[in-house]
Amino acid sequence: MKTVEEFYKEIADSPELQAELKAASDEMLGAFLKKHGCEADVKDFTAFVKAQSEGEIEDDEAAAAAGGVDGRYSTTRFTAQAYKKDGFGVV
């Protein structure tokens, strides 16, 4: 069985699946998912599609973007600059 993420990517790469999905009514969506081996139910699938259209990012994208503050603004650097400025010594 495919996860909703896997099936969503498959749909994105397939004009045929996109056309089939567009033609499916709300009542037929569950059958469409089962036909193509997606483990998600209609509720989970529609929530995932909505999240994608709202610009949310996936976990791996978030992890790649995470990393904290740019080194130019780190606490250590800021503190060192403050000591130099106030004459507390050379850092």
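Is Gln18 buried, partly exposed or exposed? Gln18 is partly exposed, with a relative accessible area of 30%. This value, like the others below, comes from a predicted model. The residue lies in helix α2. Leaving out residues up to four places away in sequence, Gln18 touches Ile11, Ala12 and Asp13. Tyr8 is 10 residues from Gln18 in sequence, and the C-alpha atoms of the two are 9.9 Å apart in space.

Consider next the chain as a whole. The protein has six helices and zero strands. Read from the N terminus, the order of its elements is α-α-α-α-α-α. There are 91 residues in the protein, and 20% of them count as buried. Among contacts between residues at least 6 apart in sequence, 47% join residues that are at least 24 apart.

Helix α1 covers residues 4-12 and helix α2 covers residues 15-23; the two pack at an angle of about 105°, and their axes are 6 Å apart. Angles of 65 to 115 degrees count as roughly perpendicular, so α1 is roughly perpendicular to α2. On the α1 side, the contact is made by Phe7, Glu10, Ile11 and Ala12. On the α2 side, Leu17, Gln18 and Leu21 make it. By type, the residues of this contact divide into five nonpolar, one polar and one charged.

Leu17 is one of the α2 residues in that contact. Not counting residues up to four places away in sequence, Leu17 touches Phe7, Glu10, Ile11, Phe32 and His36. His36 is found in the loop between α3 and α4. Is His36 buried or exposed? With a relative accessible area of 17%, His36 is buried, because the limit for buried is under 20%. Apart from neighbours within four places in sequence, His36 is in contact with Lys2, Phe7, Leu17 and Glu20.

In one of them, Glu10 pairs with Lys2, and the closest N and O atoms are 2.8 Å apart. Glu10 is partly exposed, at a relative accessible area of 29%, and Lys2 is also partly exposed, at 24%. In the other, Lys35 pairs with Glu20, with the closest N and O atoms 2.9 Å apart. Lys35 lies in helix α3 (residues 29-35) and Glu20 in helix α2, so this pair ties together parts that are 15 residues apart in sequence. Lys35 counts as exposed, with 59% relative accessibility, whereas Glu20 counts as partly exposed, with 27%.

In soluble globular proteins, nonpolar side chains tend to be buried together. The largest nonpolar core here has 11 residues in all: Val4, Phe7, Ile11, Leu17, Leu29, Phe32, Leu33, Cys38, Ala40, Phe45 and Phe48. Helices α1, α3 and α4 (42-53) are the elements that give two or more residues to this core.

Leu29 is found in helix α3. Its relative accessible area is 9%, so Leu29 is buried. Leaving aside residues up to four places away in sequence, Leu29 touches Leu21, Val42, Phe45 and Thr46. Leu29 and Thr46 are 17 residues apart in sequence, and their C-alpha atoms are 9.4 Å apart in space.

The other member is Ala40, which is found in the loop between α3 and α4. Ala40 counts as buried, at 14% relative accessibility. Not counting residues up to four places away in sequence, Ala40 touches Val4, Leu33 and Phe45. Met1 and Ala40 are 39 residues apart in sequence, yet their C-alpha atoms are 9.2 Å apart in space.

Key
Residues numbered from 1 in each chain as written. Predicted model: local features only at pLDDT ≥ 70, side-chain atom pairs only at ≥ 80, totals over all residues. Heavy atoms only, no water. Axes fitted to C-alpha atoms, helices over the stretch in contact; angles between N-to-C directions. Helix = DSSP H or I, 4+ residues; strand = E, 2+ residues; numbered from the N terminus. Parallel < 35°, antiparallel > 145°, perpendicular 65-115°, else oblique. Contact = heavy atoms within 4.5 Å. Nonpolar A, V, L, I, M, F, W, Y, C, P; charged D, E, K, R; others polar. Salt bridge = Lys/Arg side-chain N within 4 Å of Asp/Glu carboxyl O. Buried < 20%, exposed > 50% of the residue type's maximum accessible area, 1.4 Å probe, protein only. Core = buried A, V, L, I, M, F, W, Y, C linked by side-chain atoms within 4.5 Å.
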